[in-house]
Amino acid sequence: MIEFKNLHKKFGKLVVLDGLDLNISKGGIFAILGPNGSGKTTLIKCLLGMVIPNKGEIIFDKKSVLRQWAYRNNLNYLPQIANFPPNLTVLEIINMVKNLRPKDSNSEELIELFGLKTSLDKKLGNLSGGTKQKVNIVLTFMFDSDLIVLDEPTNGLDPIALIHLKSIIQKEKEKGKTILITTHIMSFVDEVADEIVFLLDGKIYFKGTVDALKKQMNNDNLEHAIANLIAKQYA
Amino acid sequence: MLKILKYSFYDLMRSRWSYVYFLFYLILGFVLLFLNNDVDKAVITLMNIIIVLTPLIGTIFGVMYYYNSKEFTELLLAQPINRSKIFMGQYLGISISLTLSLVLGLGIPFVLYGLFKSTAIFNFSLLLVVGAFLNFIFVALSYNIALSTENKIKGFGYAILMWLFLAVIYDGIFLTFLVVFNSYPLDKFSLAATMFNPIDLSRILILLKLDISALLGYTGAVFRKFFGTNLGMMISMGVLMLWVMLPVLRMNLKLRKKDF
């Protein structure tokens with residue numbers, strides 16, 4: 001479904017993506033992992049068209065995405081930091097995003113689920129970080145798209161919201177969606193991810209199921225297995 | 001684009017600063033009218049204020065809005081919208097809301113004072129048009145600076161420096177030139193130098209219309225001698241338009257390569 005071919009990206013002298021090749025098939029939850037600064041966010045942003053690669057090609061649904069924008073209608077993205085215009089209310093921002101995308105949405109259901117009903121008329125500037133993240137999640141999941149990209153989705157969520165988030169992710173997976181997640185919380189990966197893509201030095205270092213990784217690292221604990229993987233780099 | 005424009009506009013129209021700006025002009029208008037007791041004189045005083053203040057406010061609002069809405073812009077960038085439409089929408093949203101503050105803030109006191117019965121209505125309208133131009137120009141310039149500068153503090157600094165340069169330093173350098181090279185013919189040089197500064201250009205444009213020779217100064221006089229009043233106004237208006245279009249064009253070019 002998504003194909004990255006020989007992707008290069010430099011920021012000044014810093015090489016972030018160095019000839020990265022990656023194939024992601026349709027359906028399933030893929031966790032993109034890697035140490036800080038390994039290029040996870042850059043990779044996702046290339047896919048979204050926010051970062052323009054120096055070299056290489058990205059194919060989504062059999063079409064190149066570089067310098068295109070219409071393909072984003074079939075893609076939902078949850079950004080890492082939720083920061084909205086402070087003077088708009090929650091309801092206004094939801095309506096605005098709906099307005100921008102010619103698609104059906106199920107926002108009511110999600111608003112109910114995350115208990116945002118009482119906050120609908122509040123200004124976004126007055127909300128707490130966790131509540132903003134809930135709004136962010138509603139904005140991401142209210143559309144029916146084939147690809148869902150989540151950048152650190154668990155940020156600032158309370159336990160109940162986290163449970164809801166996991167159940168939504170599972171539901172979307174059952175519908176056959178492709179879900180990309182970056183996170184540093186390994187228990188979350190262990191619980192939800194089908195496959196792990198491990199980035200190191202701008203390349204794919206490991207790609208496979210969670211069990212395959214554990215086996216390869218000879219470690220039953222995912223957190224330690226990943227730590228071993230990173231430690232190899234430092235060694 | 002219109003959707004983005006609408007929301008940027010709503011967002012700004014609800015911010016406290018738009019009201020502060022609006023109230024400032026409102027009070028300024030009333031005070032000037034009651035102190036001068038004469039619409040014509042008030043227009044001249046206003047010109048001096050507008051020519052320095054609108055660029056400053058446009059610059060500050062431009063950089064502030066860009067940096068403050070950065071994360072939100074990222075959210076928009078992930079939506080199926082063309083990049084340049086997002087930024088053009090924001091740009092127009094800021095410029096239009098600032099212009100509205102200016103037009104309403106000054107318009108209300110002048111209309112109440114009896115602008116429609118006075119002959120100064122054309123001068124006053126020209127003043128507002130120039131103010132609007134300056135808004136559009138300086139928001140575009142500051143957006144350019146913000147787009148090219150990742151660091152917020154630096155971006156802010158450059159933007160203020162740009163304003164200071166065009167509003168104050170430019171004239172100083174210009175004047176020094178005139179003094180140092182006063183034994184050479186400087187008409188063409190000063191004509192060209194005026195074109196490169198939208199603030200000077202606006203000043204001359206208004207003074208040409210007001211037809212007050214005493215205030216025209218050297219560049220204004222050269223301008224009038226060269227082009228005559230009407231052609232001079234048309235040319236300066238045209239150059240002001242270029243001052244809007246070129247930064248907007250550069251913004252679009254920059255956007256094609258920018259990483260967010």
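This is a predicted model: local features need pLDDT of at least 70, side-chain atom pairs count only at pLDDT 80 or more; totals for chains, interfaces and linings use all residues.
**Exercise 1. How much area do chain B and chain A bury between them, and how many salt bridges does the rule find across their interface?**

*Solution.* 
- Step 1: Start with the area. Chain B and chain A bury about 2,700 Å² between them.
- Step 2: Look at the atoms involved. Carbon and sulfur atoms account for 58% of that buried area.
- Step 3: Turn to the charged pairs. The rule finds two salt bridges across the interface of chain B and chain A.
- Step 4: Find an example in the structure. The side chains of D259(B) and K9(A) form a salt bridge, with 2.6 Å from N to O. The cut-off for a salt bridge is 4 Å.

**Exercise 2. Which residues meet where helix α2 of chain A comes up to helix α4 of chain B?**

*Solution.* 
- Step 1: List the partners. From α2(A) come I93(A), M96(A), V97(A) and L100(A), while α4(B) brings F72(B), L75(B) and L76(B).
- Step 2: Sort them by class. This contact has seven nonpolar residues, with no polar and no charged ones.

**Exercise 3. Is α2(A) roughly parallel or roughly antiparallel to α4(A)?**

*Solution.* 
- Step 1: Take the angle. The axes of α2(A) and α4(A), which spans residues 129-141, cross at roughly 25° and come within 10 Å.
- Step 2: Apply the cut-off. Angles under 35 degrees count as roughly parallel, so α2(A) is roughly parallel to α4(A).
- Step 3: α2(A) passes α4(A) in a right-handed crossing.
- Step 4: Name the residues. V90(A), I93(A), I94(A) and V97(A) of α2(A) touch V135(A), V138(A) and L139(A) of α4(A).
- Step 5: Sort them. Seven are nonpolar, none polar and none charged.

**Exercise 4. How do α6(B) and α7(B) cross, and which residues make the contact?**

*Solution.* 
- Step 1: Take the angle. The axes of α6(B), residues 121-148, and α7(B), residues 152-180, come within 9 Å and cross at roughly 140°.
- Step 2: Name the arrangement. That angle makes α6(B) oblique to α7(B), and the crossing is right-handed.
- Step 3: Sort them. The contact has seven nonpolar residues, one polar and no charged ones.

Methods:
Residues are numbered from 1 along each chain as its sequence is written. Chains are lettered from A and ligands numbered from 1 in the order in which they are written. Side-chain values use heavy atoms; hydrogens and water are left out. Axes are lines fitted to C-alpha atoms, for helices over the stretch in contact, and angles run from 0 to 180 degrees between N-to-C directions. Helices (H or I, at least four residues) and strands (E, at least two) are DSSP runs, numbered from the N terminus. Angles under 35 degrees count as roughly parallel, over 145 as roughly antiparallel, 65 to 115 as roughly perpendicular and the rest as oblique. A crossing is left-handed if the near helix is turned anticlockwise from the far one by less than a right angle, and right-handed if clockwise. Ala, Val, Leu, Ile, Met, Phe, Trp, Tyr, Cys and Pro count as nonpolar, Asp, Glu, Lys and Arg as charged, and the others, Gly among them, as polar. Buried area is the accessible area (1.4 Å probe) that two parts lose on being put together, summed over both. Contact means heavy atoms within 4.5 Å.
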